[in-house]
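Hi everyone, thanks for making time for this.

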Amino acid sequence: MPSARRFAAIHLAGACLAGLTLVSACDLASAGSGLPPLPAMGPSLRKAVAFETGEQPGTIVIRKNEKALYLVTGQGQALRYQISVGRDGFGWTGTVKIASKTEWPEWRPPKEMRARQPELPAMVPAGPYNPLGARALYLSRDGRDTLYRIHGTNDPKGVGFDGTSGCFRLTNTDVIDLFKRVAVGAKVVVE
């Protein structure tokens, strides 16, 4: 069993390799001055709102132009979460399902992403420095993994922008809340 110090160093190395905004943490590790501070969970950006839709409660509706994820809670009602969406060239639309859910997921960048960014590691272990954050909901279409996720982040300032490779990013605080409310098999509509 690795020590807590070694465990943190493994997570930190993956985060530094992934080019994440942990410059101060990477500097701390290379200077040998101790463990880096844990990334913040981020604020809750969730609000209960009026939301007209024909979708059933439990359905997620993502409106990319609003940078918002809506979880339908009842007739004319939803929870609205602020999200980051795909940057230019990485946006998509369609209907998918939640295939599975994972707490503290590990991250394996897809081969297409590693081809664009060869400095990425093959895998970043689960934990607070992982770019997928505290929770991930895996999206599938016709039973096949889309490689897109609804997930948290180790950089809560990175929510509310066009900056992902097609995934939908929430603060860790909000993705933990969403994770508890959404069932495997739930419908996700991306507009």
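I'll start with the sheet, then go to the helix and the core, and finish with a serine and some aromatic rings.

A quick word on the ground rules. This is a predicted model, so to speak of local features we need pLDDT of at least 70, and side-chain atom pairs count only at pLDDT 80 or more, while totals for chains, interfaces and linings use all residues. Numbering runs from 1 along each chain as its sequence is written, and side-chain values use heavy atoms, with hydrogens and water left out.

So, the sheet. Nine strands make an open, mixed sheet in the order β1-β4-β3-β2-β11-β6-β7-β8-β10. Helices (H or I, at least four residues) and strands (E, at least two) are DSSP runs, numbered from the N terminus, and two strands pair if DSSP finds at least two bridges between them. At the edges you'll find β1 (47-50) and β10 (168-169), each with a single partner strand, so one side of each has no neighbour in the sheet.

Now look at β11, residues 187-190. Strand β2 (residues 60-63) runs parallel to β11 and is joined to it by three bridges, with V61 opposite V189. Strand β6 (residues 94-103) is antiparallel to β11, with four bridges, and here V96 stands opposite V188.

What packs on this sheet? Helix α4 does, touching β2, β3, β4, β6, β7 and β8. Contact means heavy atoms within 4.5 Å. The direction of α4 makes about 55 degrees with that of β7; axes are lines fitted to C-alpha atoms, for helices over the stretch in contact, and angles run from 0 to 180 degrees between N-to-C directions. Within α4 (residues 172-181), N172, D174, V175, D177, L178 and F179 are buried. Buried means under 20% relative accessible area, exposed over 50%, and partly exposed in between, using a 1.4 Å probe and protein chains only.

That leads us to the core. A nonpolar core is a set of buried Ala, Val, Leu, Ile, Met, Phe, Trp, Tyr and Cys residues joined through side-chain atoms within 4.5 Å. The largest one here has 23 residues, and I60, I62, I98, I150, F168, L178 and V188 have the most contacts inside it. Its largest share, three residues, comes from α4. As for I62, its contacts beyond four places in sequence include I150, F168 and V188. There is also a second, separate core of six residues, F51 and V61 among them.

Next, S84, in the loop between β4 and β5 (85-86). S84 counts as buried because its relative accessibility is 0%. A polar atom of the S84 side chain lies 3.2 Å from the backbone nitrogen of F161.

Finally, the rings: there are three aromatic pairs in the structure. Rings of Phe, Tyr and Trp (its six-membered ring) pair if their centres lie within 6.5 Å; planes under 30 degrees apart count as stacked, over 60 as edge-to-face and the rest as tilted. F51 and Y70 are stacked, at 4.3 Å centre to centre and 15 degrees between the planes. F51 sits in the loop between β1 and β2 and Y70 in strand β3, so this pair ties together parts 19 residues apart in sequence. Ring pairs also link W92, Y148 and F168 into a cluster.

Note on methods
A polar contact is a pair of N or O atoms within 3.5 Å; within protein, one must be able to donate a hydrogen and the other to accept it, and residues adjacent in sequence count only if both atoms are side-chain atoms.
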